[in-house]
Each structure stands twice: as structure tokens, then as C-alpha cells.
Amino acid sequence: MTRFGYTLMTEQSGPRELVGYAVAAEQAGFDFLVSSDHFSPWLEEQGHAPHAWTMLGAVAQATDSIPLMTYVTCPTLRYHPVIVAQQAATLQILAEGRFTLGLGSGESLNEHVVGMGWPGVAERHERLEEAIGIIRDLLAGGTVNRHGHWYRVDSARIWDLPPDPVPLAVAVSGARSVERFAPLADEMISTDPDADLVQSWRQASDGDGAVRVTGQVPVSWDTHRDKAVQRAHEQFRWSTGGWDVNSNLPTTDGFAAATQLVRPEDVADSIPCGPDLDAVVEAVRPYWEAGFTDIALVQVGDEAQQQFLDEAAGPLLEKLRAAAA
């Protein structure tokens, strides 16, 4: 059965608001929550970037039973992997077993801020592979010492370990990353509804084929379509650049320059805008048809969140579940 989630978008809302949206999303019937983990928004118009882990700790206490996930955390530059392991263990305790650690190779926008530059994709994947090994070892308990190629770990131990293991999910974008990370992770994350990628992951992983695969779809719901299109263009035009471009831009000014020729209609072609819930269903459909088990929705714009949760979420979830079934 396909599960449908709600995205806590740290780039467009403040921390207190995000905790409130998490509670409302659980009450509206969403199956899980994912949170972005950024140091900066993509565009100045979005205007926010609270600390995701602090916010998720509050969410874990404010909600009852809804699963939580980072979508995604980069454990290679801004965070050392031992810190990510400690954060994940603590959050799993607070969430009482509801947390999944989603990992990825990161974006320059968030990682360059610690002054270590921004490496090429080959180095980023090497770093991520080594970091996953460290995180796995620490979450397994005991004292860890490492003198790896990218990271050193000196007598590190997680003193507060959760009774439930922390599942690890990794974001992949192609066959090479699947081959590299499927044996290391429990679950797959991807931005593209690619059935071949899903099948490759299942074949390359050590599991039995019943693997969790999570994706994400932006929507700009509003009772007025023109407002929805305007909001999507203002705050989500960055998404038209594609991963190869977006992962390498270092600042909001860079994203503004890269998207200055993107028109509102260009964004509306890729994001369902307005009150038509059937259009949202059709935008999500390729993901479950490709084999994604979990699909998180991103409602664009902070000012539209509560109305979306109050008025649109319930009917939309009914339509999605009926169509996916």
C-alpha cells in the first residue's frame, strides 16, 4: 500500500510554525513526515532556514505516532558523521522508534558555509560512503576508532542508544549511485519516478525486494489558480534547474541569477497549481507506478500551509489512496 506524507519545508517556514504544521498534518491523516535539512533557503523570497534537528525534536514530542524522516541530511561537510549518528540516536529515542535517517551527498548551498569548499561528485560520493560506515558502526554500539581517507574518529561512542534501530535511507540519482549505496542502506530516496532505478535498487540491495522507496512531489494548492502560480514562481522556480545545476550553486543570489528567465508558466508546467486535486493526483501517479512506496507532498508557500492542511489535505488523501489502490 502506498503511503502519502507531508513535507516540513524548513526553507519557507519558521520553526514554531513547522511544529504546528506537523501536528496538523498528523491530524489530517498523512502517513509520515519528512523534513528538509538546510542551512539556507534556495531563494531569498522563501526566507527561512531553522535548524532541522532541533525542530524535529520538538515535532517528536508534539506528535503521537506519525513516522519522521530527514529528507535529506548530508553527513560529510557541515556535519561530521559522528554528530549525525548522535543526533539520529537521540531523535529516535524522542520519537520512540518513528525516525528514519535520510542521507544524501548534499548541495553547495548548505555545505560550503563551513569553509571546506565544494568537492566534485566523485569525492562527495566517497565521503558519503565512508560517513555511512561510521554512522552504522556508532549506531550499533561500542567504541569506534577510524582513520579513514576522509574522516578520523577517535574513541567515539553513542551513550544514549535507542532500543529500536535507526533505518538508513540514501538518496540516489542513477545506476552508479544505486550500485554503490544500495548494499549500505535500508531504504532508497529519489527525486525522479524512474522504475528502472527502483528495480536496480531492489536487485542491488541485500533485502528481499520489499524495500521502502521515498520520493517527493511539490504542489501549489490554492483556491485561486493565479495566486497558486504566482506563489510557485516566486518561491519554487529554483526547482526547474535540475540537480546538476542546483547542487552546485552556492548562494541565494546564484539561484536568483540562474532562474531570472524562468516564467510563471514554466513553473506551472512542472508543479500542479490551483484547486484541482485531480491534477495533483496525476502529478503523483508516476511515482507509485514506478514502484515508490512512500510519496511526500510539498505545499509551496508558508502562507498557504494551514489552509491546505485544513481544507485540501483530507479530500486529497482520499483521492490519492483511491487512485493508488
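These legends describe close-up views of a predicted model.

View 1. Helix α13 covers residues 305-324. Its end C-alpha atoms span only 24 Å. A straight helix of 20 residues would span 28 Å at 1.5 Å a residue. The helix bends by about 55° at A312. A proline, P315, follows within four residues of that bend.

**View 2. The buried residues of helix α13.** Eight names make up this set: Q305, F308, L309, A312, A313, L316, L317 and L320 are the buried residues of α13. A312, where the helix bends, is one of them. An α-helix has 3.6 residues a turn, so residues three or four places apart point the same way.

View 3. Q299 counts as buried because its relative accessibility is 1%, under the 20% cut-off. Beyond its neighbours within four places in sequence, Q299 contacts Q12, V219, S220, W221, R231, A304, Q305 and F308. Among these contacts, Q305 and F308 are also buried residues of α13.

**View 4. S40 in the loop between β2 and α2.** S40 sits in the loop that runs between β2 (32-35) and α2 (52-62). S40 counts as buried because its relative accessibility is 15%, under the 20% cut-off. Leaving out residues up to four places away in sequence, S40 touches E11, A49, L109, N110 and T252.

Conventions
Residues are numbered from 1 along each chain as its sequence is written. This is a predicted model: local features need pLDDT of at least 70, side-chain atom pairs count only at pLDDT 80 or more; totals for chains, interfaces and linings use all residues. Side-chain values use heavy atoms; hydrogens and water are left out. Helices (H or I, at least four residues) and strands (E, at least two) are DSSP runs, numbered from the N terminus. The expected span of a helix is 1.5 Å times one less than its number of residues. The bend at a residue is the angle between axes fitted to the seven residues ending there and the seven starting there. Buried means under 20% relative accessible area, exposed over 50%, partly exposed in between (1.4 Å probe, protein chains only). Contact means heavy atoms within 4.5 Å.
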